[in-house]
Amino acid sequence: MIDPSNYTVGLPIAASTYASKVDLSLNILQWGMVAIFVIWGIFFTYCLVRFRSRNNPSASYAAANKGGALSFLPDVMVLGFEIWLIFFLGLPIWAEIKETFPTAMESNVVELVAEQYAWGFQYSGDDGLFAKRDPKQISSGNTIGLDANDPNGKDDYVSINELHVPLGKPTLLYMSSKDVIHSFFVPEFRVKQDVVPGMRVPLWFEPTKTGRFEIGCAQLCGLGHYRMRGEVVVHTPEEFEVWKQEKMKEKEI
Ligand SMILES: [Cu+2]
């Protein structure tokens, strides 16, 4: 069960290593826009009263030229703020999340296969090697099409609509889609990434809390889009080992 206290007023709780940085940039952006809106609103109201037509029956443009270069100061300040926002605040955070990936060695690597309307997850088992997937072998019991003839797949296991990950380690997802564009969305991790057919899109996050977190599809992907939901289950490393062993045992049976 997802803890309802994850969602209160405002943003959901922040449960990944980079979530607080995303929140910082959102807060600065929102409060900056509030400040600009309020200052502009006050100036606008002042102008409406000060230059009302009753007291100024004929328009004079002389005053507009009076301020000279100084009248550009507010524009320059807003421009400066926005440049700082994009290049000095936003870009480094974007680069950390979307450009700098942890290595496979230090990560929990999972393959994701999205479809209308479910999330499939393939884990490599102890050998760290993933079996190939073959679209021809897709069936009701093998929805992601694991290749039965691939020896790397002996210890691979699959979970549907539930992504299991350990705490204290980055998870590296390689995402692909069987049909249309979906979007992998975990609000508490501040993670959202399109999953595109024909591509293998990487994504990483490192959870900072154990528990269950909702996966939504943030791309209108068809009539059943609303029920394309799942959960990320963040375990302690010990619990994760237990879950993993159970899944591998299940497979042997
Ligand atoms: Cu979808």
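Q: Which residues does Leu-173 touch, not counting residues up to four places away in sequence?
A: Contact means heavy atoms within 4.5 Å. Leu-173 touches Val-110, Leu-112, Leu-163, Phe-184, Val-201, Pro-202, Leu-203 and Phe-205. This is a predicted model: local features need pLDDT of at least 70, side-chain atom pairs count only at pLDDT 80 or more, and totals for chains, interfaces and linings use all residues. Residues are numbered from 1 along each chain as its sequence is written, and side-chain values use heavy atoms, with hydrogens and water left out.

Q: Which protein atoms are the donors of the copper ion?
A: Donors are N, O and S atoms within 2.8 Å of the metal (3.2 Å for Na, K and Ca); water is not among the atoms, so sites may look incomplete. Here they are His-182 (ND1), Cys-217 (SG), Cys-221 (SG) and Met-228 (SD), 2.1 to 2.4 Å from the copper ion. Their spacing along the chain is H-x34-C-x3-C-x6-M. His-182 lies in strand E6 and Cys-217 in strand E9, 35 residues apart.

Q: Is His-182 buried or exposed?
A: Buried means under 20% relative accessible area, exposed over 50%, partly exposed in between (1.4 Å probe, protein chains only). His-182 is buried at 0%. Cys-217 is also buried, at 11%.

Q: How many salt bridges does a search of the whole structure find?
A: A salt bridge is a side-chain nitrogen of Lys or Arg within 4 Å of a carboxyl oxygen of Asp or Glu. The search finds 10. One of them joins Arg-229 and Glu-214, at 2.7 Å from N to O. Glu-214 is buried, with 18% relative accessible area.

Methods
Helix = DSSP H or I, 4+ residues; strand = E, 2+ residues; numbered from the N terminus.
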